[in-house]
Amino acid sequence: MKNSIIIYFLLLFSFSSLKAQTLDEIAYNHYWERLEKFIGKTGSKEKLHLLSVYREASWADSDNQAALSDLYEFASMIPEEEFVIEPGFHNLRLHEQYGRLISYVEIPEGQTAEEKQLFVEAQKKLEKSTEEYFEALDEYNSKFYQFWEFLDSKKIKMDNFQRRHFRRMYRRILNNANRKYKDAHAEVLKYSDRFKTYRDALVAFDEFIESASTAAADVQEGANLYNGGINVLSQIQKCTDANDDGWSAITFRKNITSSYTKNGNWNVNGSWGGSTFFGGLVSGGGGRTTYEHYISEDTDSISIRFCNLRFVPVRPTQWYNASLLEGIKDGTVTLREGNPLEDKPLYGPNGYFPRLLKGIVVASDVDIISSINNTKSSEIRKKTRGKAGFGIGKLRIGGKAGSSKESKWTSNTSGSFKSSTSSESPIIIGVLTEDTSM
């Protein structure tokens, strides 16, 4: 990955730099520090957010239509400042924001007064039909997820027959909205010959609309909307115990140190799925248990191992015309009155595009290896398989709120145990964003 990453995170409980850190705080800061060394940083407009709950990069399985729908939701998000990574619930989506701007671009010259009036009227129809289309698409995708979850609950793998059945049932949701958009798009296109930058963007975005109509129920079209590095993800190798090559380990002991001192607030929205973890090794039914409770002897240790850490770009495909946005920024492309940018800048923290998703940091596997007394080991195993999961500070592995599967538990009477992720897909460790103002 580029050497231009800075680690960014907010803390949930405020404490001053002069206040003594707890062992749990030191361990979590050590976790940040070590991952920063693995990944590299120099400081720039890029920020890496480490997930509290690891998430599968399920779209590595390019034959799984539901997984590619997951990529569509993930890659479309414009992350919020407070780092909410939650497909289906984020407020801003890239294609929707971008599509709105397209319907406000002015033709710079060559139009008669009558042509300009007809062009603006056509654009207003395009604006309305685009909004209606995205509303219909949200409904269509929601129905698809419900259909897929129903089949999954019955242990039925969705095949071509099920996809055709889904389309027959729900195509009506998109048909009317798609027809209105196509009519408005064709009318606007008639007036755009004199402005190549705009025409290119208009044609490319129409291809997005056409593809999005079947993204949920069609593997190939879904993959074409956003690039999630499917080829890279599928080529990341697994590691074995017999061969240490590829493993990166972070070990936590009682005497652990860290040069980091975090200030401010811990962000309770830092995990996928909106679940929260308020510090401590485990949390949930029965209250919080602090990290010190488990690492109390000099011989106690817990290690987290990452197999083959990699950075994978996640970005829109050719429908996203960056030159159009640069033209808006430098004034060579103007927008008509009433456009979304009248009261805000294009880029920056308060802008129309405040930040963009750039990629993910993944590992093919994550292991937990521990040596503590047997009583504490049993307690961790019990809570990990319950709602809380295993955690250090904000980090949590396992538990019902997690998405990565934990299995392969092995332990002995002395308290040593090991737990490994069992997902066939790589595990997302962090998400890289780019602040557009810097």
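A residue is called buried here when its relative accessible area is under 20%, exposed when it is over 50%, and partly exposed in between, with a 1.4 Å probe and protein chains only. The structure is a predicted model, in which local features need pLDDT of at least 70 and side-chain atom pairs count only at pLDDT 80 or more, while totals for chains, interfaces and linings use all residues. Residues are numbered from 1 along each chain as its sequence is written, and side-chain values use heavy atoms, with hydrogens and water left out.

The secondary structure comes to ten helices and 14 strands, where helices (H or I, at least four residues) and strands (E, at least two) are DSSP runs numbered from the N terminus. With a contact defined as heavy atoms within 4.5 Å, residues 24 or more positions apart account for 79% of the contacts in the chain that have a separation of 6 or more.

**The cores**

A nonpolar core is a set of buried Ala, Val, Leu, Ile, Met, Phe, Trp, Tyr and Cys residues joined through side-chain atoms within 4.5 Å. The largest one has 73 residues, of which Trp 59, Tyr 98, Phe 208 and Phe 353 touch the most other members. Helix 4 (residues 113-153) gives the most to this core, with eleven residues. A second, separate core of 30 residues includes Ile 26, Leu 48, Phe 306 and Ile 427.

Helix 4 also holds Ser 129, which counts as buried because its relative accessibility is 4%. Leaving aside neighbours within four places in sequence, Ser 129 is in contact with Lys 180, Tyr 181 and Ala 184.

**Aromatic pairs**

Rings of Phe, Tyr and Trp (its six-membered ring) pair if their centres lie within 6.5 Å; planes under 30 degrees apart count as stacked, over 60 as edge-to-face and the rest as tilted. The structure holds 21 such pairs, and two of them are set out here.

| Pair | Centre to centre | Angle between planes | Class |
|---|---|---|---|
| Tyr 98 and Trp 319 | 5.8 Å | 65 degrees | edge-to-face |
| Phe 166 and Tyr 170 | 5.1 Å | 45 degrees | tilted |

Because Tyr 98 lies in helix 3 and Trp 319 in the loop between strand 7 (315-316) and helix 9, their pair ties together parts that are 221 residues apart in sequence. Phe 166 and Tyr 170, by contrast, both lie in helix 5 (residues 160-189), four residues apart, about one turn of the helix. Tyr 98 and Trp 319 are buried, and Phe 166 and Tyr 170 are both buried as well.

**Helix 9**

In helix 9 (residues 322-330), Leu 324, Leu 325, Gly 327 and Ile 328 are buried. These residues lie on the same side of helix 9 because they cover an arc of only 155 degrees around the axis, the arc being that of the directions from the helix axis to the C-beta atoms. On the other side of helix 9, Lys 329 and Asp 330 are exposed. The cover over the buried residues of helix 9 includes helix 3 (94-102) and helix 6 (196-212).

**Strand 8**

Strand 8 (residues 355-363) is mostly covered, with eight of its nine residues buried. Two strands pair if DSSP finds at least two bridges between them. Strand 6 (residues 310-313) runs antiparallel to strand 8 and is joined to it by four bridges, with Arg 310 having Val 362 of strand 8 as its bridge partner. Strand 14 (residues 427-435) also pairs with strand 8 in the antiparallel sense, over eight bridges, and there Asp 435 is the bridge partner of Arg 355.
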